[in-house]
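Open the model in your viewer and keep the selection tool at hand. The tour goes stop by stop, with something to select at each one.

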Amino acid sequence: MDKQERHYNIFKLNRVFAISSILFLLLLIWTFADDYSRSWRTYQSEFREMEIVQTDSLLKLEEKMLNEMSEYQEALSLLKTVEESLTEKDEELERFEDELSSLDDDKYAASQEYISVKAEYDVAKYLYEEAVAKGHGDPEETGSKLERLEASLLQHRLKSEEAEQKYEDIEEQILGIKADKKAAQDQISRLRRKAEVLGKKLQKVDPDEMTFGNRLGNSIRDLPVLDFLAPYYKIDQIVIKDITEDLNFANVPKVDRCTTCHMGIATPGYEDAPQPHTTHPDLELYLLSESPHPKESFGCTSCHSGRGRGTDFTYSAHTPRNEEQAKEWEEKYGWHELHYWDTPMFPVQYTEAGCFKCHNQEIYLEGADKLSLGTNLIERAGCFGCHTIERYQDKRRIGPDLNRIASKVSKDWTYLWIRDPKAFRHNSWMPKFFELENNSSDEDVARTNQELHAIVHYLFNNSEDFSLNDVPRWGDVTRGEDLVNSLGCLGCHRIENEPTDEVTSLQSLRRDHGPNLVGVGAKTSREWIYNWLKEPKRFSPETTMPNLRLSNQEAADIAAYLMTLDGNGFKGQEVPSQNNLELDKIVLSFLLQMNSDYDSRIMLSGMEEKEKLDYTGEKLIRFYGCFGCHNISGFEDEKPIGIELTEVGIKHADKLDFGLLKIEHTKLAWFTQKLLHPRSFDKDKVKTAYEKLRMPNFDFDEAEVEALSTALLGFEKASYGVKPARSVNPDVHEGQWLVREFNCQGCHFVEGDGGAVRPTITDWLRSANGIDQETAEEVTADFSPPDLNSQGSKTQPDWLFEFFKKPFIIRPSLKARMPTFHFTDDEWNSIIKYFQFLDGQELAYESPHHVDITTSSYKAGEKLQELGECNKCHFYGTTFPSQTADTWAPNLALVKERLRPEWVSAWLDDPQSMMKGTKMPAPSIPTLEEVQDPDVLEFVGEDVAALAGNRSVLINGLTDYLYTIPGKIDISREVLGYFSKNGYNFLQPVEDEEGDEWDDEEW
Amino acid sequence: MVELKHFINGISHPTVILTVILFIYPFIFPPTNWFEKWNKRLKFDFFWTKKGLITVYTFFIGFMIIGVQDENAKHILLKPDNVPIVGLLFLVHFFLWLSMNQGMKNDKLIDAGEKPNEYHDPKDKVLVWPDLVYIELIALVLLMAFLLVWSIGLEAPLEQPANPTNSPNPAKAPWYFLGLQEMLVYFDPWLAGVVFPTLMIIGLMAIPYIDINREVSGFYSFKHRRIAASIFIFGWLWLWINLIMVGTFLRGPNWNFFGPFEYWDLHKLEVLTNINLSDLIYIKLLGVGLPENILLREIFGFIVFFGYFLIMPPLLAKTVFKKLHQSMGNFKYGVFIFLVLSMVALPIKMYLRWIFNLKYIIAIPEFFLNI
């Protein structure tokens, strides 16, 4: 090749190459710098600083505490004195130790000798056996050698054991001298354990506390490239095998890297630290390994949603709580919405939605207040009437039965009511359908006025006959009012003329279970109320209103009182007259939906007015979905009209119709808008009358909407393998649902919540007895329906079942009445099983409690009962208590049938712990010391004295006695007879008897 | 500015912009003397000078600058997926300019009776070792440097795990297939997805056998192979690059057209009442029902189709391509004209769609045969 033949300038190329190489190198450095400046590294080093400071201060605190701790100081000084005393024994100790070392040599030599002799002996034994059995050698010679060696072996063994024994003796002596020192040292290290742990931790994180080697390691372990070995700063991830992520084509274990930045999340002590280092607000329930949701098994995004693998603020799909926070985040973290992630984190105020990922079968979820409020609102408002929600499948319709409406209200009233229910009753659950955002124009109102005529016509035309029995007696308004206030009606109903500023809560909703009774007198007749009260199921077979077993007089009194509640009614409002032209238009619109224009007009011209009303009435009821909440004849099997909400929580925002409304295009913004202004998405849209949105307005306030949105967001098919205990027990679910549906908590406490009726009982006690508020509050619990805490372990299931079927009086002085609910056996059993589940009680059958009345414990029990004067408050069959009615307690003859002996014993042992605030005193059980006193001995008698000190035996004896008390079990008639003669106003302050009047109480 | 944006949105609609380009096209790449005369008169050769390049780039860059001011256009232009297409715009034009520029220069030299530049140029010689290998190494290093900058500067456009119940809208093919996807709007999948791509590859392979003019090979020139160049550039620019651009920047949700400054509204509706040729003739023109017999029903379609492929070639051979036909001979001409007609069929179908809402010329859904 011609050396000169070059077409390129090599020097120029070299230069270009050099420049590009340098450029490449610089870019490579930039790449590293970019990678090592990721925010999680900053957070981790920040947290390390905080950890050093915190550990250091904790350590100082601990040291300070130790210094002030007398036990520790004592241990220190003890150690000092022991050490001093040891110096005196130094010489002796030294001598022992010298001896020990020389003995050690002896011991070793002896054992070595023994081992070598043993080896020879084993060989000799082998040779002898060979000689005897096979004839290889002389049996005699080998035999004598074996004998010789055996003797020698014995000798050596003795020698070796002797040496060992000597050694151990000396060792023991040394230990004896040092024992005190060791004890003192052990004590100190026990007290210092926490300080030691802190110190070790500090040595790990704080370079200043590290050893030189560690400090060197610390300075290089996080250098680029070298950090593949054992870096301090690294991505921390939790892999959860049981909870998988559905990638549509495969399920993979969830991987959460949240703790890479949120390092302090599971460590107490960072509650006030800035994000992301803050401690989780509820470590008792979450994250810690002893909590029900340890982070190793649940991670973070299982509840919160978001992108667990993200290690960057934006890419972990954080969602701001509102626009301001969004702005703040944009500035602070460069946040933007992660468009490509289907399950972004729940905004913090909706976090509870995440509970439904596992707990979606639970009716009430303790701790998840907002979520529970949301589901309760859904249940009260009856959303599932129009929207299928799997959770609420096959539930009864929440509105009143309209099949017999003609006997209850008038046509005009119905017309006005449907048009604007809240004008009549400010807190009705019946929502408003008319004159809303999309049907308020004159044209719309003209149409809807006629629609209402058609709907009312249909309802009354299809109303069955319902015979109203005459009210047999003249009712007394005052007595009626007293009954309404005291029987427990107000556990489900309110009587409220004007809206109050009460915040919606689970408790307030319990009193919204039945309608507000305001205006009931203006709406229906005395006869109807009387008939309804006597037998609600006759008018409405599916009603949740129970039968209170009212006497004719009581029902008449209450009806008389309710008739006085006429509220403001629809005063001044008139029903517009019927307009056939408008009606024709409506008929035509519906006809056109199914028929051609030509046919429709022919059909219309052939219709009578009644036919038109029938036809449109039916169409309109179907269009508005009235049958979702009400039983209406002809619509029994109709499908709900709304969209299914079972999985609305995972619906994508782009599947929601935002119309032309200019709001944020997120699911939550849509939920909020829809719930506050259900028709607003029709704004500016061109639609015909029956294309328009038809969801009615429920008048929810913003807090309610937030709770509802939380629940909606939580509605998704749980795909996790983890199942809470309640979800897998269908009886518990059913029982819990019945307790919810029939509003048991309106009167009772269940799972520590409920008793909504109590404030009204306080009011009644105050007004009926003329006592002040404070006194009334104090005794409210005694005159209110019982707290059902421990009910599952308290009563015998078969007794409870019978009681539910046929309730009778248990607490004699209680005026509130357990109503009769017409549940099936299955339903009652579910409720009983639910109560049992709450108390971990699983037995359905138990052996009856046999009492041996000859035992000394039984006799002691009898004596204790006598000493305790149980008969002051308790009935013994039909024997009335010796004290006045205000302290009356249940019939003790009932115990054997009603209560479980285990519970009775526990109750007698400590009533307060089972039912806080009960007036039942713990029986006085004498101790061993007490019976040493001859007076006491005489007082308690021999049987008790013999068992004194053995508290549980005595209590069991008392329990046994209670199970043998004879007498009538259902004493309702006797009790009611007494009260009808003397009245219930026994709480009126009586000057002379104040003393220990309140000391004894019922259970 | 708002008016300007509206105007750009308006002219971006393919019916407008493609028509404009289609009409200007022969004046920029003149296939005949007549067009060349106008090309000179309109000074369109200015595009292929250095000033021309600067002018076009200024225009491109100006558009980008205006574009990123607008929320909607910014979203499309700077989307990480679309960045290569923006680059493509600049690169394609640069290489087009480079070849045309050199072609123009050579044309002038040849007109003046001289040899083309390449004849004298020693620069097209390079030693593999060390020069070529060295240059390639440098290119490698620079490319890696560029990729580093790109990967640091722009985050990878990753999306969430695929979800069949939540497919993207618009669902777009990879950028290099967007031309094919655009064809799917006008043709049945078996044509747009199978036949046409196959024809393209066969056609490209056939070029050296059809175009065997040795006189003008080995150097850049436009004038001396204007038919070959203009046909190729038409297929390449108008039918391939252009459709990629349209697919990337102008096709939004539901595959509707959106101007560059228009918001991609999910709910935008366009009239889509396309009808077949048979409907057009029997129902609209003749006012009678469709015949039962498939052959009778589609007879007009067959006439048009076979007319296009059987009558057009001899017709063209007698007229426009008279010289070409003579020089090529029957077979070569036959292959050539078949490929050209197939290529031109695409714009023809597009215009038929736009003007008559024509769905299919031959529609036999019974046999899945729709053309």
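**Stop 1: chain B**

Select chain B. It has 16 helices and two strands. Bear in mind throughout that this is a predicted model. Along the principal axes, the C-alpha atoms of chain B fill a box of roughly 75 × 60 × 45 Å. How much of chain B is buried? Buried residues are 17% of its 371 residues. Now turn to the contacts in chain B with a separation of 6 or more: 64% of them join residues 24 or more positions apart.

**Stop 2: two backbone details in chain B**

Zoom to B:Trp129 and B:Pro130. A cis peptide bond joins them, with omega about 0 degrees. B:Pro130 sits in helix H8 of chain B, residues 128–153.

Next, select B:Asn254. Its phi is near 60 degrees, a positive value in a residue other than glycine. Where does B:Asn254 lie? Look in the loop between helix H11 (226–250) and helix H12 (277–285) of chain B. B:Asn254 has 15 C-beta neighbours inside 10 Å, so it counts as partly exposed.

**Stop 3: where the chains touch**

Show both chains. Here 23 residues of chain B are in contact with 20 residues of chain A. Colour the chain B side by class. That side has 17 nonpolar, three polar and three charged residues.

**Stop 4: chain A as a whole**

Hide chain B and select chain A. It holds 40 helices and six strands. Its C-alpha atoms fill a box of roughly 135 × 130 × 75 Å along the principal axes. The radius of gyration of chain A is 42 Å, whereas a compact globule of 1003 residues would have one near 30 Å. Buried residues make up 32% of the 1003 residues in chain A. Among the chain A contacts with a separation of 6 or more, 71% are between residues 24 or more positions apart.

**Stop 5: the largest nonpolar core**

Some background first: in soluble globular proteins, nonpolar side chains tend to be buried together. Which residues touch the most other members of the largest nonpolar core? Select A:Leu533, A:Ala555, A:Ile558, A:Ala559 and A:Leu562; the core has 32 residues, and these five touch the most other members. Then show the helices around them. In chain A, helix H16 (477–487), helix H19 (526–534), helix H21 (552–563) and helix H29 (758–769) each supply at least two residues of this core. H21(A) gives the most, with seven residues.

Stay on A:Ala555. Leaving out residues up to four places away in sequence, A:Ala555 touches A:Tyr530, A:Leu533, A:Lys534 and A:Leu550. Apart from this core lies another, of 30 residues, with A:Met345, A:Leu645, A:Trp670 and A:Leu675 among them.

**Stop 6: H16(A) against H21(A)**

Select these two helices. Their axes are 7 Å apart and pack at an angle of about 100 degrees. H16(A) is therefore roughly perpendicular to H21(A). On the H16(A) side, pick A:Val477, A:Arg479, A:Gly480, A:Glu481, A:Leu483 and A:Val484. On the H21(A) side, pick A:Glu554, A:Asp557, A:Ile558, A:Ala560 and A:Tyr561. The residues of this contact divide into six nonpolar, one polar and four charged.

**Stop 7: H34(A) against H39(A)**

Move to helix H34 (residues 856–868) and helix H39 (residues 951–962) of chain A. Their axes come within 7 Å and cross at roughly 75 degrees. H34(A) and H39(A) are therefore roughly perpendicular to each other. From H34(A), the contact uses A:Ser857, A:Tyr858, A:Ala860, A:Gly861, A:Glu862, A:Leu864 and A:Gln865. They meet A:Val953, A:Leu954, A:Asn956, A:Gly957, A:Leu958, A:Asp960 and A:Tyr961 in H39(A). By class, the residues of the contact are seven nonpolar, five polar and two charged.

**Stop 8: two loops in chain A**

Go to A:Gln275 and A:Pro276. The peptide bond joining them is cis, with omega about 5 degrees. A:Pro276 is in the loop between strand E2 (251–256) and strand E3 (286–287) of chain A.

Finish at A:Ser790. This residue, which is not glycine, has a positive phi, near 65 degrees. A:Ser790 lies in the loop between helix H30 (773–780) and helix H31 (791–794) of chain A. Is A:Ser790 buried, exposed or partly exposed? It is partly exposed, with 18 other C-beta atoms within 10 Å.

Methods: Residues are numbered from 1 along each chain as its sequence is written. Chains are lettered from A and ligands numbered from 1 in the order in which they are written. This is a predicted model: local features need pLDDT of at least 70, side-chain atom pairs count only at pLDDT 80 or more; totals for chains, interfaces and linings use all residues. Axes are lines fitted to C-alpha atoms, for helices over the stretch in contact, and angles run from 0 to 180 degrees between N-to-C directions. Helices (H or I, at least four residues) and strands (E, at least two) are DSSP runs, numbered from the N terminus. Angles under 35 degrees count as roughly parallel, over 145 as roughly antiparallel, 65 to 115 as roughly perpendicular and the rest as oblique. Two residues are in contact if their C-beta atoms, placed from the backbone, lie within 7 Å. Ala, Val, Leu, Ile, Met, Phe, Trp, Tyr, Cys and Pro count as nonpolar, Asp, Glu, Lys and Arg as charged, and the others, Gly among them, as polar. A residue is buried if 20 or more other C-beta atoms lie within 10 Å of its own, exposed if 12 or fewer, and partly exposed in between; C-beta atoms are placed from the backbone. A nonpolar core is a set of buried Ala, Val, Leu, Ile, Met, Phe, Trp, Tyr and Cys residues joined through C-beta atoms within 7 Å. The radius of gyration is taken over C-alpha atoms; the globule rule is 2.2 Å times the number of residues to the power 0.38.
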